[in-house]
Amino acid sequence: MPVDHRRIRGPDESFSPRLFLPSGSAKCAAAEDRRSGDGARGNMDVRAIFARCGLVSQAKGSAYIEAGNTKVICSVYGPRETERRDETEMKRGKLLADVRLAPFSCRKRGQWIQGTEEKDLSQFLLESLRPGVLLQKYPRSQIEVCVMVLENDGAFLAHAVTCASLALADAGIEMYDVVMGCAARRSGDAVLLDPTFAEEHDEHPSPSGKESRLTLALMPAMNQVSGLQAEGEMDAESLVEAARACMEGCYKLYPVVQQTLLKSVRKKAPPPES
Amino acid sequence: MATVQVSEAEKVYILHGVRDDLRVDGRGCEDYRHMDIETDVVSNTDGSAKVSLGYSDVLVGVKAEVGKPRPALPDQGYLEFFVDCSANATPEFEGRGGEELGLELSNTLYKVFSNKQSVDLHSLCISPGEHCWVLYVDVLLLQCDGNLFDAISIAIKAALFNTRIPKVHLSEDEEGGKEIELSDDPYDCVRLNVENVPCIVTLCKIGHRHVVDATLQEKACSVASLLIATTHRGTVTCVRKFGGGSLDPESIFEMIETGKRVGKALHTPLMELLKEEESLGKKRQKVGFLG
């Protein structure tokens, strides 16, 4: 039988031992004890982020973001000549986005091969970034955005959006604005902004039984929402409330991202000494 | 996606029409096109439905198979969605051309159904941790004329309404081995409760307004659309933005309101229609694919 030696071959079906834990013994972060579990963070607080630009030397632009234990790295290649010549749309550049989750990034081991879920994430990233990039300035070319999620401790897609736009800006791609991402989880009446993995996958049913997750991408300078994705059960009112909370979260992180970009520009081209 | 080329003059015409709440085919901004629904169209499935919305044609077949429950959810069955874009619809879908659209559609369907309310997954469990019903929902696009999401969701609701799962019971022998026994009577079956199955409403932003059920021409004039899945009670189960443009927050909130209102209004006549069709029984005149 031909065996692929590059990949670890486990049994056809294997399960994480966590599944066999007696139910209830798993540590659950309920909405009430957020303050005790996660420093002094309130429900509407986002995690402090650490962001740096220009760490991948081979890429035109790159960025790294850390929020709590969520770690995302992104590199941007291009603009370069587009590969496919049969495209009718040659007046504008083409943006390509690729999101990958490292196999060890989640609790459950993932696959190296990109699955349907990752393709869906890539599409969300692409649609969130595209309104922010001046693609008409790059005719006949393509810009590739590669995101790698190193560790998933919740809200990784939102941070991937922020990280990707940082990398695009670092690559010198012309943009209208930095696209910021923010996620929220709603369980019952409580909105948890920028949830951790434990909060995202909290299995304790809330009294009303309604749970939902929301990811939003915003361009703060223009107040335009470029990406929105929500799933679960929610009322229209609570959905609007969660979306507003996410937008606030984006505004909170905006100065941090601006500082990071300023720092990287200063490093690349130090101001003339006078 | 299947697209059409629209000239600048046509765009202006459509934009101005939408501004005055009069669309190219005479509809208002919140009106659907004429819709035909027929269930039980494919005899080899456990439930099927065909929906045509304008010139968009969708066929959905549901097949129930016995499978193993997911290890994380041992006492639940599950649904699998697959959307096939047939090359009949447009030549662009030939070969692997329809794959991307099919993946986008099926991924969205998973999201729409990823809650505890839509379908009672516990009722699909046969024996916890060992056997459960897996419902394979296969969607086939026969014609594309815009607004595929809405047509697909209506067809899925109709097909699930039509789905009959054979009754089984578990017998245990002396050694503790379990065996599944299928009922002898083919009419002895379980029905799904589809009351809470959501319908998708896609709203296209055209100019400063948004329209329901956009045709391909109208879609070409819009830069962004918002998909909203609602149940008959108005609970939203999925929201997603599609398209290359961005939306301002206020218009998103407006669109959610509209989507909820239109979605709620869509459910009641749909359920009535399905029940009426079923009550006709064998007397019903089958239309099939030539209608």
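User: Which strands of chain B do four bridges join, β11(B) and which other?
Analyst: In this predicted model, four bridges join β11(B) to strand β12 (residues 209-212) of chain B, and the two run antiparallel. In β12(B), B:Arg209 is the bridge partner of B:Ile206.

User: What happens in the hairpin between them, at B:Gly207?
Analyst: The hairpin of β11(B) and β12(B) has two residues between the strands, and B:Gly207 takes a positive phi near 60° there.

User: Which other strand is joined to β11(B), and by how many bridges?
Analyst: Strand β13 (residues 225-230) of chain B is joined to β11(B) by six bridges, and this pair also runs antiparallel. Within that pairing, B:Ser225 in β13(B) stands opposite B:Cys204.

User: Let us step back along the chain. Where is B:Asn196 found?
Analyst: B:Asn196 is in the loop between β10 (189-191) and β11 (199-206) of chain B.

User: Does that residue count as buried or exposed, and why?
Analyst: B:Asn196 counts as buried because its relative accessibility is 15%, and the cut-off for buried is under 20%.

User: What does B:Asn196 touch?
Analyst: Leaving aside residues up to four places away in sequence, B:Asn196 touches B:Gln117, B:Ser118, B:Thr231, B:His232 and B:Arg233. With B:His232 there is a polar contact of 3.3 Å between the side chains. As for B:Thr230, that residue is 34 residues from B:Asn196 in sequence, and their C-alpha atoms are 8.9 Å apart in space.

User: New topic: β3(B). How many of its residues are buried?
Analyst: Nine of the 12 residues of strand β3 (residues 56-67) of chain B are buried, so this strand is largely enclosed by the rest of the structure.

User: Which strands pair with β3(B)?
Analyst: Strand β2 (residues 47-53) of chain B is joined to β3(B) by seven bridges, in the antiparallel sense. Strand β6 (residues 131-143) of chain B pairs with β3(B) over 11 bridges, likewise antiparallel.

User: Which residues stand opposite one another there?
Analyst: B:Lys50 stands opposite B:Leu59 in β3(B). On the β6(B) side, B:Asp138 is the bridge partner of B:Gly61.

User: And what about B:Gly54?
Analyst: B:Gly54 takes a positive phi near 60° in the hairpin of β2(B) and β3(B), where two residues lie between the strands.

User: How many residues lie between β8(B) and β9(B) in their hairpin?
Analyst: There are five residues between β8(B) and β9(B), and B:Gly176 in the turn has a positive phi of about 90°. The strands themselves, β8 (residues 168-172) and β9 (residues 178-182) of chain B, pair in the antiparallel sense over five bridges. One of the facing pairs is B:His169 with B:Glu181 in β9(B).

User: Now the two chains together. How many residues are in contact?
Analyst: In chain B, 33 residues are in contact with 33 residues of chain A. The two chains bury about 2,900 Å² between them, with 53% of it on carbon and sulfur atoms.

User: How many salt bridges are there across the interface?
Analyst: The rule finds five salt bridges across the interface of chain B and chain A. One of them is formed by A:Glu237 and B:Lys260, whose closest N and O atoms are 3.6 Å apart.

User: Which elements of chain B give two or more residues to that side?
Analyst: They are α2 (99-112), β14 (236-242) and α5 (249-280) of chain B. The residues on that side of chain B divide into 13 nonpolar, 11 polar and nine charged.

User: Which strand of chain A does β14(B) pair with?
Analyst: β14(B) pairs with strand β9 (residues 224-234) of chain A over four bridges, in the antiparallel sense. A:Ala230 stands opposite B:Val239 in β14(B).

User: Last topic: which peptide bond in chain A is cis, at A:Pro79?
Analyst: The bond from A:Gly78 to A:Pro79 is cis, with omega near 0°. A:Pro79 lies in strand β3 (residues 70-81) of chain A.

Conventions. Residues numbered from 1 in each chain as written. Chains lettered and ligands numbered in written order. Predicted model: local features only at pLDDT ≥ 70, side-chain atom pairs only at ≥ 80, totals over all residues. Heavy atoms only, no water. Contact = heavy atoms within 4.5 Å. Buried area = accessible area lost by both parts, 1.4 Å probe. Salt bridge = Lys/Arg side-chain N within 4 Å of Asp/Glu carboxyl O. Nonpolar A, V, L, I, M, F, W, Y, C, P; charged D, E, K, R; others polar. Pairing = 2+ DSSP bridges. Buried < 20%, exposed > 50% of the residue type's maximum accessible area, 1.4 Å probe, protein only. Polar contact = N/O pair within 3.5 Å; in protein donor to acceptor, adjacent residues only side chain to side chain.
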